[in-house]
Amino acid sequence: MTPDREPAVRNLRFVCIIVILIAGFILQVSDENELTVDMAKVGLTQVPKDLPPRTEVLDISQNYISELQLSDISSLSGLKVLRLSHNRIQRLDFSVFKFNQDLEYLDLSHNQLQKISCYPVVGIKHLDLSFNDFDALPICTEFSNLTQLHFLGLSATKFQPLDLLPIAHLHLNSILLDLGGYYVKENESESLQILNTKSLHFVFHPESLFSVQVNISVNTLGCLQLTNIKLNDKNCQVFIKFLLELTRVPTLLNFTLKHIETTWKCLVRVFQFLWPKPVEYLNIYNLTIVESIEQEDFTYSETTLKALKIEHIKNQVFIYSQTALYTVFSEMNIMMLTISDTNFVHMLCPRAPSTFKFLNFTQNVFTDSVFQNCSTLVQLETLILQKNGLKNLYKVSLMTKNMSSLELLDVSWNSLESHRLEENCTWVESIVVLNLSSNTLTDLVFRCLPPKVKVLDLHNNRIMNIPKDVTHLEALQELNVAFNSLADLPGCGTFSSLSILIIEHNSVSQPSADFFQSCQKIKSIKAGNNPFQCTCELRDFVQHLDQLPREVVEGWPDAYNCDYPESYKGTPLKDFHVSPLSCNTGLLIVTIGAIVLVLAGTVTFLCLYLDLPWYLRMVCQWAQTRHRTRNVPLEELQKTLQFHAFISYSEHDSAWVKNELIPCLEKEDIQICLHERNFVPGKSIVENIINCIEKSYKSIFVLSPNFVQSEWCHYELYFAHHNLFHEGSNNLILILLEPIPPNSIPRKYHKLRALMTQRTYLEWPIEKSKRGLFWANIRAAFNMNLTLVTENDDVKI
């Protein structure tokens, strides 16, 4: 970079840092009493000055801070956790923490520290100074007061025997020693005494061949971990010598090797060295085998080793004897062996009865031929073959035939298929837990299952139905068939001991409530995330679910929603309600029958008391007449009125009508329509009545006890009243000639009864002095200016 560009770049970096500070300053309250400030990875070059005084957790790791001063954190009196790892700090004075009396966790790993200045700090529990540039172990005499210290991380390039003396009396949980920069001259060795720690972790240089020649003695060590080990046949003995003192401690139970590159010959030598040691659990993570793999002699002497776990083996030897490789592991006289995430294609059957109780070969490339006809795994209780290349379930069952102690078999995440030939599967009867999940099994798998299995995992397969005639699974207690294509809940007629059912994410749309009647022992059911059809068939099932305790129905109610019909989609089942009437066919039939009976009774009542047939007959006659009228030619159909009034009366009252009413009206030039002179011969009486009413401006009804008894008068009244509503005019004039007792009007003439109570009528006075007013009211009813059309000419009134 040229000199003239450096200031511009620095200014740009400063601006970026300011922007990041403003945007990335995150205050996060983790609980009521703790305030966390997270400013990791924001490009800081110094500790921010405006930190909240109440800060208790401060994370400023992975920045560019090169110095820590007293003023940076002196105001944070309540600071408990300080993370400063992955910065550029080169020197540290512990006096900067003198005002942070509550500081418990201090992480200064992965910096450039070369020197520290001591100051008494007593409350620290976690102190990490590892992955720095110290020459000697940075131990201050003041560290002797760290009585609460649990974890200590250190770095060094050389040792002195008494480097750790100041903390020898402390009872630590874990010590991390970074020896990535360790260097010692050839043929020289150092010694170091480490006391009172439960766990010791060494980290070496990842690229250098192992060359550390330190005689390390430990006390009360329980766990030992070594990271970044690079070995070949030449320096293998150097590594074993390094382990010599460390593995003599009788309390060392757990030994872990991480990121180890070695030859096969050296690895076998390490196994042989550890075999008589007190180590019980040996773990190897990220193992790389180089150079060659040849037959190596191994003496399986008495050992305290219980478990060997190897995860992720990378084999850089491409041509080798598989027998040489597999024999070392298959003949081990230990209880538990795990070899996972490798390219092993097979594993040999032990030549003699084996002590293996637990075998885990997850994520290899084993085929169906593994352990076939193997009769020496008689003590094996757990076999895990996840994520391999198994395809034939029948062969898997044969594999277990001689494993007389096998209780748990996990063959999930393979390519297992079920075939009809598998109805003759031969399983060892001791299996009680079987995991067949994440394969391609179908309904036929239920023909090929261990008879005494108690826990069966079949989730994520292709099962569409559970056969009803499966009779050999009476011991089954837990069944997981989630993520299949089942359309209904399985009953417990086949699984009489079932207590746990997981059937979520299937195609269960209308589960039957009979499930709860047949599964009396059910303690837990998980059936959410199914496409439930919220119809009547689901009603009883929802009621049962809602009545069960929440600990029995897992995921209720959040995971149980309607999928169909569309109007209910997304509705929780607990909110789905339908009426009992719409879902009970018998009740619906009874209800409909009751309604029919009520309607029949109502119709009967109308027929008996209101003469409903009479009115129906009138409506039919009216409709027929109106229909014939529509078919009359236009020239014959006169819509203009021809009469002022149509008079309806009883023949018993004809004397008064002809002697009193008609002369008086015609004297006023009011044209009257009478049936005896205006009805058209040849037409029916009903048609004549309708025509006369329609051609008259008014309809006059002379009411009397005689009128009540005349059925034709009621025809005329009915049609006139119907025309009133049809035409929308007020065309009725009621004249009460004689008083009519209310009880004398038959019930079937309800229109007349209604008109007598709702409309105003003119009453014929007996006194002659009052008749003048009567005639005046009659004339007032015809006070209009209309054009009346006669058959010959127009008359203007």
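Analyst: Over residues 785-797 the pLDDT stays under 50, and for this stretch the model, which is a predicted one, has 27 contacts beyond four places in sequence. Residues 1-33 likewise keep a pLDDT under 50, with 26 contacts beyond four places in sequence. Where pLDDT is low, the predicted coordinates should not be read in detail. For the chain as a whole the average pLDDT is 84, and 83% of the residues score at least 70.

Turning to the sheet, five strands form an open arrangement in the order β30-β29-β31-β32-β33, and their pairing is parallel. Its edges are β30 (672-673) and β33 (762-763), each of which pairs on one side only. Within the sheet, β31 (residues 696-703) and β32 (residues 732-736) pair in the parallel sense over five bridges, and F701 stands opposite L734 in β32. Helix α12 (residues 654-667) packs on this sheet, where it touches β29 (643-648), β30, β31 and β32, and the direction of α12 makes about 150° with that of β31. Helix α14 (residues 685-694) also packs on the sheet, touching β29, β30 and β31, with its direction at about 120° to that of β31.

The peptide bond from W556 to P557 is cis, with omega near 0°, and P557 lies in the loop between α8 (539-547) and β28 (562-564). A cis peptide bond also joins Y564 and P565, with omega about 0°, and P565 is located in the loop between β28 and α9 (580-583). H505, a residue other than glycine, has a positive phi near 55°, and H505 sits in the loop between β25 (500-502) and α7 (514-518).

For a view of helix against helix, one can turn to α3 (residues 236-246) and α4 (residues 264-274), which pack at an angle of about 20° with their axes 10 Å apart. The two helices are therefore roughly parallel to each other, and α3 passes α4 in a right-handed crossing. On the α3 side the contact is made by C236, Q237, F239, I240, L243 and L244, which meet C266, R269, V270 and F273 in α4. By class, this contact has eight nonpolar residues, one polar and one charged.

Technical notes. Residues numbered from 1 in each chain as written. Predicted model: local features only at pLDDT ≥ 70, side-chain atom pairs only at ≥ 80, totals over all residues. Heavy atoms only, no water. Axes fitted to C-alpha atoms, helices over the stretch in contact; angles between N-to-C directions. Helix = DSSP H or I, 4+ residues; strand = E, 2+ residues; numbered from the N terminus. Parallel < 35°, antiparallel > 145°, perpendicular 65-115°, else oblique. Left-handed = near helix turned anticlockwise from the far one by under 90°. Contact = heavy atoms within 4.5 Å. Nonpolar A, V, L, I, M, F, W, Y, C, P; charged D, E, K, R; others polar. pLDDT = per-residue confidence, 0-100. Pairing = 2+ DSSP bridges.
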